[in-house]
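Keep the structure in view while reading.

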Amino acid sequence: MKQPNTVPASELMLRETASQTAGPYVHIGLALAAAGNPTRDEEIWNEMAKPEAEGEHIEVVGTVIDGNGDLVRDAFLEAWQADANGAYQPEYDLKKPFNSFGRTATTFDHGSEWSLKTVKPGQVAHPNGQPMAPHINLAIFARGVNVHLQTRLYFEDEADANAECPVLSRIESPTRRQTLIAKREEIDGKVCYRLDIKLQGEGETVFFDF
Amino acid sequence: MQDHNKRFVERDRNWHPPAYAPGYKTTVARSPQQALVSMQQASTSELTGPDFRHLRMGSHDNDLLLNFRQDPAQGQGLPVGERIIMFGRVVDQFGKPVPHTLVEMWQANAGGRYRHKNDRYLAPLDPNFGGVGRTLTDEQGWYHFRTIKPGPYPWPNDPNSWRPSHIHVSVMGPSISTRLITQMYFEGDPLIPLCPIVHTLKDADAVETMIGRLDMARSKPMDCLAYRFDLVVRGELQTYFENQ
């Protein structure tokens, strides 16, 4: 046992296990169907909202693009969002109409898009008391990404809420704020939001540290 | 929800590998050039995360010796390779166990081949090995898998780069702030100091956090060896005073 108050406080704490890339074959572990493998009874995947879930049903899609402008075809993403009423539902249960957590991946085929089937999230309060604009938290894992990248997806048609959002306002460059705003599209009467994530270079997506 | 009294110890970005680590060539075009934007004050969005206690798992989800066997009805077919138990504890930076958290892992087979449609390595697939597992930690933060030791394999980075034997490990922890994916290496493997991905870490002590240790006490005589791999996720702090 160490004598109290004899060592620097930082030495009384453990270090976090170091991160490593999820690698090119992340799918076999976390996205089994994308690897071409059989799935188990219950998998964590991209249908966050079932048809009976409360709220506006939307699809959220996008690509991941590298610094050369090429598609990143082996990216794996995780989503975390509030329900339509602005409440997080931490208890993951496939029997529930809505889950706050979802997973998706880009694909090895032509368009290489990730997608989430969900509902538009409600507003969540920031600790400063102000409401944050509706958003989906995204984590991006891939070969060549040593520590997963964290970003947020906001919605184009929430311009007023976006303008007031205390987190978007943390981004000094107004130009860069635009990299988080998903564009609204309607495909066959279905509402779809698109956000292409640029890992590097011109139009580079804002990534957060928290 | 009293999330606003909660926060996590800051992630030390100099301890983890940097985004741009040119010795691992794929990072060159996949690393952001702009600085990360710091949240300063985390909100409910960052302080909460999924709880997987209601995810229904299969009875062999944590047993890779049995979860892909070709003919389970006949009780036949086991994967080729060194049988091992991989186990450990998930704790936070203050040593507090992290109970009921999801731990997932995936790996190559004993020949160094992944069961993935894009892996074209010469070594054959093993018909009895899938290479994926998942489990929840128990009340004290312990997790267990049974598997085979994966083989090393060559990959295109330098003209002759080889990955040391490794198991990919994914842990959620209590919030999306504690989310972590790492790799477990095997104590004593001579390929560890040669690996460009290991070299993305600047601090030798950080590499040590990724080494699974041979544990003879937990090995099963005449059956399998055991490797212990504890995971440390960011520590949770409480704020005791009002913010004014």
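Chain A has three helices and 13 strands. Helices (H or I, at least four residues) and strands (E, at least two) are DSSP runs, numbered from the N terminus. The model is predicted, with local features needing pLDDT of at least 70 and side-chain atom pairs counting only at pLDDT 80 or more, while totals for chains, interfaces and linings use all residues. Residues are numbered from 1 along each chain as its sequence is written, chains are lettered from A and ligands numbered from 1 in the order in which they are written, and side-chain values use heavy atoms, with hydrogens and water left out.

The C-alpha trace of chain A spans about 70 × 45 × 40 Å along its principal axes. Chain A holds 210 residues, and 57% of them count as buried. Buried means under 20% relative accessible area, exposed over 50%, and partly exposed in between (1.4 Å probe, protein chains only). Take the contacts (heavy atoms within 4.5 Å) in chain A with a separation of 6 or more: residues 24 or more positions apart account for 66% of them.

Now the charges. Over all chains, the structure holds 30 salt bridges. A salt bridge is a side-chain nitrogen of Lys or Arg within 4 Å of a carboxyl oxygen of Asp or Glu. Within chain A, Arg40(A) and Glu43(A) form one, with the closest N and O atoms 2.8 Å apart. Arg40(A) counts as buried, at 17% relative accessibility. Glu43(A) is buried too, with a relative accessible area of 18%.

Arg194(A) and Glu185(A) form another salt bridge, their closest N and O atoms 3.2 Å apart. Here Arg194(A) is partly exposed, at 23% relative accessible area. Glu185(A) is also partly exposed, at 26%. Elsewhere, salt bridges link Glu56(A), Lys120(A), Asp157(A), Glu158(A), Arg184(A) and Glu186(A) in a network.

Turn to the partner chain. Chain A brings 74 residues to the contact, and chain B brings 87. About 7300 Å² is buried between them, and carbon and sulfur atoms give 56% of that area. Buried area is the accessible area (1.4 Å probe) that two parts lose on being put together, summed over both. In chain A, Glu16(A), Gln20(A) and Phe210(A) lose the most area to chain B, together 12% of what that side buries.

The interface has polar links as well. There are 44 residue pairs in polar contact across it, both residues at pLDDT 80 or more. A polar contact is a pair of N or O atoms within 3.5 Å; within protein, one must be able to donate a hydrogen and the other to accept it, and residues adjacent in sequence count only if both atoms are side-chain atoms. On the side of chain A that touches chain B, α1(A) gives the most, with five residues.

Nine salt bridges cross between chain A and chain B. Glu78(A) meets Arg179(B) in a salt bridge at 2.6 Å, N to O. Arg152(A) and Glu46(B) also meet in a salt bridge, at 2.6 Å, N to O. This pair runs from strand β9 of chain A to helix α1 (residues 44-47) of chain B. Arg152(A) and Glu46(B) are both buried.

Phe208(A) has Val37(B) as its bridge partner in β2(B).

How values were computed: Two strands pair if DSSP finds at least two bridges between them.
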